[in-house]
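Here is a short briefing to read with the model open beside you. Please take a look at the structure first.

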Amino acid sequence: MKIVILDGYTENPGDLSWEGFENLGELTVYDRTPLNDDDEIIKRIGDAEVVITNKTPIRKVVFDACPNIKYIGVLATGYNVVDYETAKSKGIPVTNIPTYGTDAVGQFAIAMLLEICHHVAHHSDAVHEGRWTSCPDFCFWDYPLIELAGKTMGIIGFGRIGQSTGRIAKALNMKVIAYDEYPNDAGKEIAEYVSLDELLAQSDVISLHCPLFPSTEGIINKNNIAKMKDGVIILNNSRGPLIVEQDLCDALNSGKVFAAGLDVVSTEPIKADNVLLKAKNCIITPHISWAPKESRARLMNIAVDNLKAFVDGNPINVVNK
Ligand code: NAD
């Protein structure tokens, strides 16, 4: 069985092993494949039966040109890069990794928040540059420092990652409220469910953890920002298009929103002219919430198990049944 991994680098930049796949067939790994070059994608897949992709699109034209494909494994939770309906019509299962990094993503949301509250790296750099040595006082700080205890964290989308984030916020003695279309009992143990408008009005920190759906796209917009407290902090490590970026930029520059921590933006990698790059108090990281080694190792194991289950005739985590 020939297995082709089209874009393995972000999953395994060298600190993990592809051995699990190697044990299942003849493996070829490409670090990256051009996303818009179907001819190259077709050439690289060739006569392989198994295709593993993370962000390289598998469009209809690719299925048509590569009749040997029997299985597509996506190295991520979101599988919209694959034309899974065409795959289905050809009897090709597409699998995903439903969950692998819940705690890491929750941890990262709080890491962005703590950075906004303390600017640890900035102050350490300042000390290494000699500013403490030459300081007339026993301490100095360059940003307002913020205590979280007693403040309210509002979480939009209170599923796995939202609840993980909520548990950490509670450990910091924050009050946690949540808005979710489908409240559940596990969530009620951690937070009080409220309406979206109540959440917007009551929260000192708003953290986004809902998926990107037509109903959630642009949920952070001018109108909803106007309903928030002055000086609110906004966190987003879910999906960039949840935020209307120009509206957030305006609100950061006016001070209505005190700060934002973003691990995702509308177009990734970020475009050089993204307005948020010049907004006040805006921390932006390059979509790394999912990427601790522990999470990627879990993802790798599940991806290998998905393929094994297919080979054994009992496919699991199939998204196009
Ligand atoms: P989940 O399915 O467990 O939770 C999502 C929650 O959102 C559910 O409780 C659902 O009821 C709720 N929801 C759906 N529609 C809603 C709406 N219109 N308004 C409010 N709530 C709504 O998913 P999860 O595992 O917690 O992941 C959440 C998101 O995190 C993913 O969709 C993904 O976009 C993002 N994510 C980001 C990274 C990263 O590296 N930055 C990694 C993994 C996941």
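The notes below cover the ligand site, a sheet and a cavity.

This is a predicted model, in which local features need pLDDT of at least 70 and side-chain atom pairs count only at pLDDT 80 or more, while totals for chains, interfaces and linings use all residues. Residues are numbered from 1 along each chain as its sequence is written, and side-chain values use heavy atoms, with hydrogens and water left out.

**Ligand site**

- Around the ligand there are 24 residues, of which R160, I161, D180, N237 and W290 come nearest; a residue belongs here if one of its heavy atoms lies within 4 Å of the ligand.
- By class, this shell has 10 nonpolar, nine polar and five charged residues. Ala, Val, Leu, Ile, Met, Phe, Trp, Tyr, Cys and Pro count as nonpolar, Asp, Glu, Lys and Arg as charged, and the others, Gly among them, as polar.
- A polar backbone atom of R160 is 2.9 Å from an oxygen atom of the ligand, and a backbone N or O atom of N237 lies 2.9 Å from a ligand nitrogen atom. Polar contacts are pairs of N or O atoms within 3.5 Å.
- From S238, a polar side-chain atom lies 3.2 Å from an oxygen atom of the ligand.
- The protein buries 85% of the 870 Å² that the ligand exposes when taken alone (Shrake-Rupley method, 1.4 Å probe).

**The sheet**

- Five strands form an open sheet in the order β2-β1-β3-β4-β5, with parallel pairing. Strands are DSSP runs of E with at least two residues, and helices are runs of H or I with at least four, numbered from the N terminus; two strands pair if DSSP finds at least two bridges between them.
- β2 (26–29) and β5 (94–95) are the edge strands, each pairing on one side only.
- Strand β3 (residues 50–53) runs parallel to β4, and four bridges join them; V51 has I72 in β4 as its bridge partner.

**The cavity**

- The structure holds one cavity of 30 Å³ or more. On a 1 Å grid over the protein atoms alone, a cavity is a set of points where a 1.4 Å probe fits but cannot get out, and lining residues have an atom within 4 Å of a point.
- The largest cavity has a volume of about 40 Å³, the space filled by probe spheres set on the points, which are joined across faces, edges and corners.
- Its lining includes F21, I52, Y71, A303 and N306.
- β4 (71–74) and α12 (293–311) each supply at least two lining residues, and the largest share, three residues, comes from β4.
- Seven of the lining residues are nonpolar, three are polar and none is charged.

Conventions
1 Å grid on protein atoms, 1.4 Å probe; cavity = no way out; pocket = protein on both sides within 12 Å on 5 of 7 lines; lining within 4 Å. Polar contact = N/O pair within 3.5 Å; in protein donor to acceptor, adjacent residues only side chain to side chain.
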